[in-house]
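Dear colleague,

Please read the notes with the model open beside them.

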Amino acid sequence: MTNERALVIGGGGVAGIAWVTGVLAGLADAGADVTDADFLLGTSAGSAVGAQVTSGVELSALFQAQVDPALQREELKPREGALLEVFEFGEKVDAEVSDPVERLRRMGEMARAADTVTEAERRPVIEARLPSHTWPDRNLSVVAVHATTGETRLFDRASGVGLVDAVTASCAIPGVWPAATIGDARYIDGGIRSFTNLDLAAGYARTLVIAPMPDPVLDADAASIAEHGGRIEVITPDEAALDAFGTDPLSPASRTPAGHAGYAQGRAAAQAVIALWNGA
């Protein structure tokens with residue numbers, strides 16, 4: 001295993017999955033296929049994309065599955081207003097708690113008490129998103145948070161946890177979807193810690209971050225990597241992509257426009273990414 005190139009994919013709901021897939025497809029079609037990274041780190045939506053692009057399915061097919069309504073998978077609809085309540089609760093906790101682990105523990109406590117669909121209803125949705133249900137022979141890690149202790153957990157093929165369970169945990173937005181049970185523990189969305197968790201990918205010479213959602217710590221994490229000699233590029237949604245996301249990134253209707261917007265951004269960013277990826 002080398003520490004040359006890392007691909008970090010952040011969270012952003014179903015709109016984020018479509019947009020990131022579009023970005024990756026656009027990059028690849030313009031000569032910058034970054035799915036050959038030495039390390040892939042996925043958080044929430046990024047965990048699903050990471051599992052998809054390492055499954056052996058062509059990027060073009062994954063892209064079409066996002067933008068073609070006839071190929072799109074059915075998604076559950078969360079309770080009305082649930083996502084807004086999560087952000088409001090998070091702001092309240094931020095105002096009350098300074099310790100980051102205690103903040104995550106509080107979010108987990110809320111998740112475990114929330115009125116959501118059942119785990120039996122939610123897990124098949126994640127299962128249907130993944131072309132393969134076994135870990136790839138690649139260095140892929142996905143981020144989740146222990147819902148009781150607030151501990152950050154990285155799942156990979158050596159973790160003893162199945163891929164579907166790991167991605168389900170990483171995508172378990174507290175208050176929106178049920179905390180995911182793995183063994184005798186329950187886990188929540190890794191995006192509650194950070195939308196990208198870029199700090200967990202430190203040590204690579206070249207890092208590409210694709211971040212669907214604004215991450216308050218992203219600039220500081222990127223600066224730290226640069227200060228330690230690493231090269232980094234960050235792709236975030238442009239105005240067209242934000243319009244495509246709409247007001248609800250969990251809405252399945254966002255997938256087609258978000259995917260196309262991501263594809264356009266990928267093609268536009270290709271030259272900068274080629275220079276990064278090739279060490280030019």
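In what follows, Ala, Val, Leu, Ile, Met, Phe, Trp, Tyr, Cys and Pro count as nonpolar, Asp, Glu, Lys and Arg as charged, and the others, Gly among them, as polar. This is a predicted model, in which local features need pLDDT of at least 70 and side-chain atom pairs count only at pLDDT 80 or more, while totals for chains, interfaces and linings use all residues. Residues are numbered from 1 along each chain as its sequence is written, and side-chain values use heavy atoms, with hydrogens and water left out.

The search ran on a 1 Å grid over the protein atoms alone, where a cavity is a set of points where a 1.4 Å probe fits but cannot get out, a pocket is an open set with protein on both sides within 12 Å along at least five of seven lines, and lining residues have an atom within 4 Å of a point. Grid points are joined across faces, edges and corners, and a volume is the space filled by probe spheres set on the points. Helices (H or I, at least four residues) and strands (E, at least two) are DSSP runs, numbered from the N terminus.

By this rule there is 1 cavity of 30 Å³ or more, and the largest cavity holds about 100 Å³ of space. Its lining comprises 13 residues, with G13, R122, R129, W177 and L250 nearest the centre. The elements giving two or more residues to that lining are α1 (13-29) and α6 (119-129), and α1 has the largest share, 3 residues. By class, the lining of the largest cavity divides into 8 nonpolar, 2 polar and 3 charged residues.

The lining of the largest pocket has 13 nonpolar, 7 polar and 6 charged residues.

For the second largest pocket the volume is about 340 Å³, and among its 16 lining residues G81, L83, T247, D248 and L250 lie nearest the centre. Here the classes are 9 nonpolar, 3 polar and 4 charged.

Next, the helix contact. Helix α3 (residues 59-67) packs against helix α10 (residues 255-277) at an angle of about 140 degrees, with the axes 7 Å apart; axes are lines fitted to C-alpha atoms, for helices over the stretch in contact, and angles run from 0 to 180 degrees between N-to-C directions. The two helices α3 and α10 are therefore oblique to each other, given that angles under 35 degrees count as roughly parallel, over 145 as roughly antiparallel, 65 to 115 as roughly perpendicular and the rest as oblique. With contact meaning heavy atoms within 4.5 Å, F63, Q66 and V67 in α3 meet R255, T256, G259, H260 and Y263 in α10. The residues of this contact divide into 3 nonpolar, 4 polar and 1 charged.

Finally, some buried residues, where buried means under 20% relative accessible area, exposed over 50%, and partly exposed in between (1.4 Å probe, protein chains only). Helix α7 (residues 163-170) is mostly covered, with 7 of its 8 residues buried, namely L163, V164, A166, V167, T168, A169 and S170. G175, in the loop between α7 and β5 (180-182), counts as buried at 7% relative accessibility. Leaving aside residues up to four places away in sequence, G175 touches R79, A82, V86, M110, A111, A114 and T116.

Most residues other than glycine have a negative phi. S44, in the loop between β2 (39-43) and α2 (45-53), has instead a positive phi near 55 degrees, and at 8% relative accessibility S44 counts as buried. N197 also has a positive phi, of about 55 degrees, although it is not a glycine. N197 lies in the loop between β6 (185-189) and β7 (206-210) and counts as buried at 0% relative accessibility. Residues up to four places away in sequence aside, N197 touches L41, T43, V143, G190 and D215.

With best regards
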